[in-house]
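Look over the sequence and the model first, then read the points below.

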Amino acid sequence: MRVLAALVASLCFAMPLRAEDAPIGWASVEGGTKGGAGGMTVTVSDAAAFTKASASSDPLVIQVAGEIKLSGTVRVKPNKTIVGQGATAALTGGGINLRSTNNVIVRNLSLHDSPDDAINVEGSHHVWIDHCDLSKCGDGLLDIKAGSDFVTVSWNRFHDHQKTCLLGHSDSASALAKDKGHLRVTYHHNYFDGSKTRHPRVRIGETVHVFNNYYRDCEYGVASVADAGVLVEGNFFEKVQNPTHTLYGNSKVPGRLVERQNVTVDSGPFATRGEVREAKEAYAYTLDDAQKVRELVRAGAGVGK
């Protein structure tokens with residue numbers, strides 16, 4: 001039976017990503033995130049074609065074929081789906097800038113060796129980052145800031161990096177005022193593979209929902225500061241010094257954090273504080289058994305899965 005179950009699981013993960021797939025979590029609310037659905041499909045294999053398609057004012061499904069070497073960050077206009085073909089699609093030497101945009105999906109892409117962020121989400125809403133592989137960039141791998149909202153980050157692998165996922169970029173009064181009432185983000189079934197810190201580091205957002213992720217060999221897992229409200233549930237922490245923080249770095253105001261049904265192996269204790277609004281008040285989701293999350297995420301997270 002176990003052999004049969006493993007075979008079924010491998011077949012499921014081998015299925016191609018479908019245009020009709022929809023996110024779970026915050027990217028599913030307030031109309032949902034559909035990307036370039038209904039628009040034309042274009043296939044790009046060089047930087048010029050990718051940049052032109054990303055800058056189009058029309059809804060588009062942009063299929064990335066092979067590795068594209070960028071010379072800088074590419075800004076993406078609204079109503080786009082950017083999806084890699086197969087397991088070899090990659091953007092290198094630059095990243096994706098989702099600034100003042102909305103309704104964007106990025107799936108099945110490797111992004112590495114950008115001198116800045118791999119993916120920057122700034123002042124944008126309804127964004128879904130799914131089944132990507134992010135590593136070795138000059139700044140963050142996936143930073144979300146400046147009043148961004150309704151974002152889901154799912155089934156990605158993060159590795160070979162230090163400061164991984166920032167949510168809310170500053171403790172300054174102006175930044176916190178812009179972010180207040182926003183930064184609603186769901187992180188689920190991601191593989192934080194030795195990526196050290198910020199998985200995520202959260203300021204002021206509530207409810208930030210972190211569920212069914214696998215953390216391996218990290219300095220810390222989730223940090224909640226500046227009165228953020230973070231729900232951490234059903235995750236698997238392995239060799240993580242501090243699974244959670246409620247005060248970290250130069251932040252002077254602690255955050256709120258609730259943890260439940262998590263599993264730890266060779267890891268430190270949880271830091272918790274206060275109360276957090278339930279994610280189930282906003283959207284439906286199914287929590288996987290945390291004992292099975294390590295195997296599930298290692299099999300399913302990243303490109304070509």
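**Briefing**

Val127 has Val151, in β14, as its bridge partner. Strands here are DSSP runs (E, at least two residues), numbered from the N terminus. This is a predicted model, in which local features need pLDDT of at least 70 and side-chain atom pairs count only at pLDDT 80 or more, while totals for chains, interfaces and linings use all residues. Residues are numbered from 1 along each chain as its sequence is written, and side-chain values use heavy atoms, with hydrogens and water left out.

**Strand β14 and its partners**

- Strand β11 (residues 125–130) runs parallel to β14, and five bridges join them. Two strands pair if DSSP finds at least two bridges between them.
- β14 also pairs with strand β17 (residues 185–188), in the parallel sense, over four bridges.
- In β17, Val185 stands opposite Val151.
- Six of the six residues of β14 (residues 149–154) are buried, so this strand is largely enclosed by the rest of the structure. Buried means under 20% relative accessible area, exposed means over 50%, and partly exposed lies in between (1.4 Å probe, protein chains only).

**Nonpolar cores**

- The largest nonpolar core has 55 residues, of which Phe50, Ile96, Leu109 and Ile119 touch the most other members.
- Strand β21 (residues 214–225) gives the most to this core, with four residues.
- Another core, of nine residues, lies apart from it and includes Trp155, Ala290, Val297 and Ala301.
- A nonpolar core is a set of buried Ala, Val, Leu, Ile, Met, Phe, Trp, Tyr and Cys residues joined through side-chain atoms within 4.5 Å.
- Beyond its neighbours within four places in sequence, Ile119 is in contact with residues including Ile96, Leu98, Val106 and Asp143. Contact means heavy atoms within 4.5 Å.

**Cis peptide bonds**

- His199 and Pro200 are joined by a cis peptide bond, with omega about 0°. Pro200 is in the loop between β18 (191–196) and β19 (201–203).
- Glu206 and Thr207 are also joined by a cis peptide bond, with omega about -5°. Thr207 is in the loop between β19 and β20 (208–211).

- Lys196 is not a glycine, yet has a positive phi of about 75°. Lys196 is in strand β18 and is partly exposed, at 30% relative accessible area.
- Gln261 has a positive phi near 60° and is a residue other than glycine. Gln261 sits in the loop between β24 (256–260) and β25 (263–265) and is exposed, at 55%.
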